Amino acid sequence: MDVLTVSGVRDRLGKALFSHVAGPDGPANRARIHDTPGPRWFGAERPIRVVHGDASMFIGGLRALLLQSLHPLAMAAVAAHSGYRGDPWGRLQRTSTFLAVTTFGTAEDAGVAVERVRAIHERVKGVTAQGEPYWAADPHLLEWVHVTETDSFLRAHERFGARPFTAADYDGYVADTAKVATALGVPDPPRTRAELEARLDAYRPELRATPECRATARFLLVQPPLPLAARPAYALLAANAVTSLPEWARRLLGLPRVPVFEEAAIPFTGHVLTRVIRWSMNR
C-alpha cells in the first residue's frame, strides 16, 4: 500500500468518525471553538484538555452511559425525554459539542452552553413507572451524571490514554471537571480522585437495574444503530467499556465475566482501537 493510499484511508476514516461524533455542524463548531480569541475556562496545560482531547473518550463515554443507566431516576429522565433511541447520533453530537465548548472554547461560549443545558434540565421532569418523581435539574441527579462521566473518562484515559498521567494529574482532572459541574448546578462536586471514588460509592444503595436500564444496555451493546461494516470495531469498543466497569455494576447489568479473555485479549483491542482513532483524527 503506497503512501497516498494510506493517507486517503486515514483521511476518509477520520472524516467519517468526526462526522458521526460532531454532526453536520462539526467543522463550523470546531473552527469557532478553537479559533475564536478570548479567555478560556482551562489553560492549555490543564489535565481536562488532555483527557477530553484523547481517543480514550470513545470508550469512556460508553462506560459512562452504562453506569448512568443504573440510577432509576436518571434513567427514567433519559428514557422519557432524551430521544436517545430515535436520535442517538444527535444526542452524541450535542454531548460531544458541549464537552468541546466547555473544555476548549471561550469562557463566554462555555457559559452560554451551560445555560442552555440548565434550561433544558429545568423542563425535564416526570414520574417513574414506580411512582417516583424525577427532575433533571435535581442537584443530586446532576451529581450522579457528573461523577459517572468523570470517573469513566478518567479510567478510560488511565488505561488507553496517549499521554501517561501522574496521580496529581488525575486529581487535577477531577478538579477541572468540578468547575463545569458547579456551573451546571452541582453544589459541591468532588475535587480529588479519592473524593470522586467515595462519592460514587455513596450512590450505590440507590442503584438498580430497571427494565429501562436493561433495555438501554441492550441498545448500546447489542443493537447499536450502526452499519454492519462498523459493528465489529464497535463491539470491541463496547467490550472494553464493559470490562472497565466496576464488578458491582456488571452484576447489576447482568454482564458476565470471561476472565482469561478479558485479561489478555480485550485490553489489547482497546489499545489498537484508540491508536487507530488517534491516527485517523489527529491530523
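Reader: Val50 first: buried or exposed?

Author: Val50 is buried, with a relative accessible area of 17%, because buried means under 20% relative accessible area, whereas exposed means over 50% and partly exposed lies in between, with a 1.4 Å probe and protein chains only. This is a predicted model, in which local features need pLDDT of at least 70 and side-chain atom pairs count only at pLDDT 80 or more, while totals for chains, interfaces and linings use all residues. Residues are numbered from 1 along each chain as its sequence is written, and side-chain values use heavy atoms, with hydrogens and water left out.

Reader: OK, and which helix is Val50 found in?

Author: Val50 belongs to helix H3, residues 47–52; helices (H or I, at least four residues) and strands (E, at least two) are DSSP runs, numbered from the N terminus.

Reader: What does Val50 touch?

Author: Once residues up to four places away in sequence are set aside, Val50 touches His157, Arg163 and Phe165, where contact means heavy atoms within 4.5 Å.

Reader: Which residues is Asn240 in contact with, and where is it found?

Author: Asn240 is found in helix H12, residues 231–243, and is buried, with a relative accessible area of 0%. Leaving aside neighbours within four places in sequence, Asn240 is in contact with Ile59, Phe160, Ile266, Pro267, Thr269 and Gly270.

Reader: Changing topic, how many helices and strands does the protein have?

Author: The protein comes to 14 helices and two strands, and its C-alpha atoms fill a box of roughly 60 × 50 × 40 Å, taken along the principal axes. Buried residues make up 44% of the 283 residues.

Reader: What is the radius of gyration?

Author: The protein has 19 Å, which agrees with the value near 19 Å that a compact globule of 283 residues would have. The radius of gyration is taken over C-alpha atoms, and the globule rule is 2.2 Å times the number of residues to the power 0.38.

Reader: Now the packing: at what angle do H2 and H6 pack?

Author: Helix H2 (residues 26–35) and helix H6 (residues 88–104) pack at about 15 degrees, with their axes 9 Å apart; axes are lines fitted to C-alpha atoms, for helices over the stretch in contact, and angles run from 0 to 180 degrees between N-to-C directions. H2 and H6 are therefore roughly parallel to each other, since angles under 35 degrees count as roughly parallel, over 145 as roughly antiparallel, 65 to 115 as roughly perpendicular and the rest as oblique.

Reader: Which residues of H2 and H6 meet?

Author: Asn29, Arg32, Ile33 and His34 in H2 meet Thr97, Ala100, Val101 and Phe104 in H6. The residues of this contact divide into four nonpolar, three polar and one charged, where Ala, Val, Leu, Ile, Met, Phe, Trp, Tyr, Cys and Pro count as nonpolar, Asp, Glu, Lys and Arg as charged, and the others, Gly among them, as polar.

Reader: And at what angle do H7 and H9 pack?

Author: Helix H7 (residues 107–123) and helix H9 (residues 167–184) pack at about 50 degrees, with their axes 9 Å apart, and that makes H7 oblique to H9. The contact is made by Val114, Val117 and Arg118 of H7 and Thr182, Ala183 and Leu184 of H9.
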